[in-house]
Amino acid sequence: MLSAYHDQLINIRRQLHQNPEEGWSEFTTTAFLVTTLRGYGYDVLLGRKVIDPEACLGREESVVKAGLERARRNGVSEELLAEMEELTGCVAVLDTGRPGPTLAIRFDIDCVPVTECTDETHVPAKEGFISKNPGFMHACGHDAHMSMGLAVAHWVMDNKDKLSGKIKILFQPAEEGVRGAAGMAASGVLDDCDYFLGSHVAMSAKSGEIATNLYGYLCTTKLDVTFHGKPAHAGACPQDGRNALTAAANATVQMMGISRHSGGMTRINVGQLIAGEGRNVIPSKAVMKLEVRGETGEINQYMVDQVTNICKGVALGFGVTYEMRKMGEAVDLTADQELVDILNAAGRATPGITVVDKALNFGGSEDATILARRVQAHGGKAAFFLWGSDRPSGHHTATFDIKESDLDPALEVWTHIIPSILK
């Protein structure tokens, strides 16, 4: 009976909620996942078996080291850390031994840099499972995703004799900033998969709903641009300096004026501009953190090209140099109808669930699309769906929370999906 997994869903979600870790630092989280999955009997892959370090995006060494130090303080063994090879995330594999397809399902594991609300009206504060890591919070539901993934894994193992084929359960790091999927895809761990499914809690789905007909996944590229100038005394010899700050500021203004594309929607935002050493010093360095988005890959690349051209021109005009680093990316996705039909049937078979099969605009970016497209590129099929939960505020806010009562029906949906594929 699915009631046997109820306490697990709640307790693990709350435990993980208290211990949020930012992308590429989730070593304590990964250790918990690996230990739990191996306890269920899974073969669990780690390190370079599931992440290609050459394809990782936005992976900062200082963040990795901080996560490793935290893991050691939290009692994670050196043996397990060695298995991780300084790479977070894992993949649990179960081969039933019976002929059948290979299904991959993905759950993300990182948090966001948000300071959690401590007011008693906020349920995690009231119930005592608020974040213990200041400045970081599971404000996007990834704690619920991991809890769901572990409950699904537990159910699959309990019911393995009724299934055929193979299942791979992916726990992906660094989804925030769309940084982690590229490295996981490049590892090749998905290349034998016939089906891929991902999901997200809440968003445009309310409690008691699953949304299966999604469109509008925005392609995106996250970029860090660093301008390098030359310092000089601003009063005594300003002519000797090359002002990186003014170069970056000029580039910012020009980027906001990039012509939009007639083929579809575009977005651009410069979210951070960090520069300068002091008020009387010509700034020698300026760092811009920006993103572009596009309705299609072609349109997104158009935006990247325009940004690149602006940086080149500004660097020449201001006598500075620049370097550009890709920090994250996601692509668009068209779901395969076979899987959408399976999702709809699973939702309709679950008491208390309403299937929202009208077209819904996803309206954002999600790097599960990279994993999905990898499977599709190898001849497989892929889809992504939302499972609903009413919430007091939007994602990535200090008061974000989910209704824990929505975990049980969402698990039941998964228990209808998986046998429909691994039959």
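Keep in mind that the model is predicted.

The largest nonpolar core has 105 residues, and the members that touch the most others are Tyr-42 and Ile-418. Helix H6, residues 142-158, gives this core its largest share, 10 residues. What does Ile-418 touch, leaving aside its neighbours within four places in sequence? The contacts are Leu-103, Ile-105, Val-152, Trp-155, Val-156, Leu-163 and Ile-167. There is another core apart from the largest one, with 23 residues, including Met-255, Met-288, Leu-290 and Val-320.

Leaving aside neighbours within four places in sequence, Ala-104 is in contact with Lys-168, Leu-170, Leu-190, Cys-193, Tyr-195, Phe-196 and Leu-197.

Now the aromatics. How many aromatic pairs does the structure hold? The count is seven. One of them is Phe-107 with Trp-414, a tilted pair with 5.7 Å from centre to centre and 50 degrees between the planes. That pair links distant parts of the chain, since Phe-107 is in strand S3, residues 102-108, and Trp-414 is in helix H12, residues 407-421, 307 residues apart. Both Phe-107 and Trp-414 are buried.

Another pair is Phe-227 with Tyr-322. Their ring centres are 6.2 Å apart and the planes meet at 45 degrees, so this pair is tilted. Here too distant parts of the chain are linked: Phe-227 lies in strand S8, residues 219-228, and Tyr-322 in strand S11, residues 321-330, 95 residues apart. Tyr-322 counts as partly exposed, at 25% relative accessibility.

Back to Phe-107 and Trp-414 for a moment: together with Phe-171 and Phe-385 they form one aromatic cluster.

On to charges. The whole structure has 21 salt bridges. I'll go through three of them and then a network.

The Strand S3 case comes in here again, with Arg-106. The side chains of Arg-106 and Glu-366 meet in a salt bridge at 2.7 Å, N to O. Arg-106 sits in strand S3, while Glu-366 sits in the loop between strand S13 (360-361) and helix H11 (368-377), so the bridge links distant parts of the chain, 260 residues apart. Why do both ends count as buried? Because the cut-off is under 20% relative accessible area, and Arg-106 is at 0% and Glu-366 at 2%.

The second one is Arg-72 with Glu-78, where the closest N and O atoms are 2.6 Å apart. Arg-72 is partly exposed, with a relative accessible area of 42%, and Glu-78 is partly exposed as well, at 46%.

Asp-332 is in the loop between S11 and helix H10 (337-348), and Arg-373 is in helix H11; they are 41 residues apart. Asp-332 is partly exposed at 24%, and Arg-373 is partly exposed at 36%.

As for the network, Arg-13, Arg-14, Asp-143, Asp-401 and Glu-404 are linked in it by salt bridges.

Last, strand S10, residues 285-294. Eight of its 10 residues are buried, so S10 is largely enclosed by the rest of the structure. Which strands is S10 joined to? One is S8, which runs antiparallel to S10 and is joined to it by 10 bridges. In that pairing, Lys-222 stands opposite Glu-291 in S10. Another is S9, residues 266-275, also antiparallel to S10, with nine bridges. There, Ile-274 stands opposite Val-287 in S10.

To recap two points: Phe-107 in strand S3 pairs across 307 residues with Trp-414 in helix H12, and S10 has eight buried residues of 10. That is the end of the talk.

Conventions: Residues are numbered from 1 along each chain as its sequence is written. This is a predicted model: local features need pLDDT of at least 70, side-chain atom pairs count only at pLDDT 80 or more; totals for chains, interfaces and linings use all residues. Side-chain values use heavy atoms; hydrogens and water are left out. Rings of Phe, Tyr and Trp (its six-membered ring) pair if their centres lie within 6.5 Å; planes under 30 degrees apart count as stacked, over 60 as edge-to-face and the rest as tilted. Helices (H or I, at least four residues) and strands (E, at least two) are DSSP runs, numbered from the N terminus. Buried means under 20% relative accessible area, exposed over 50%, partly exposed in between (1.4 Å probe, protein chains only). A nonpolar core is a set of buried Ala, Val, Leu, Ile, Met, Phe, Trp, Tyr and Cys residues joined through side-chain atoms within 4.5 Å. Contact means heavy atoms within 4.5 Å. A salt bridge is a side-chain nitrogen of Lys or Arg within 4 Å of a carboxyl oxygen of Asp or Glu. Two strands pair if DSSP finds at least two bridges between them.
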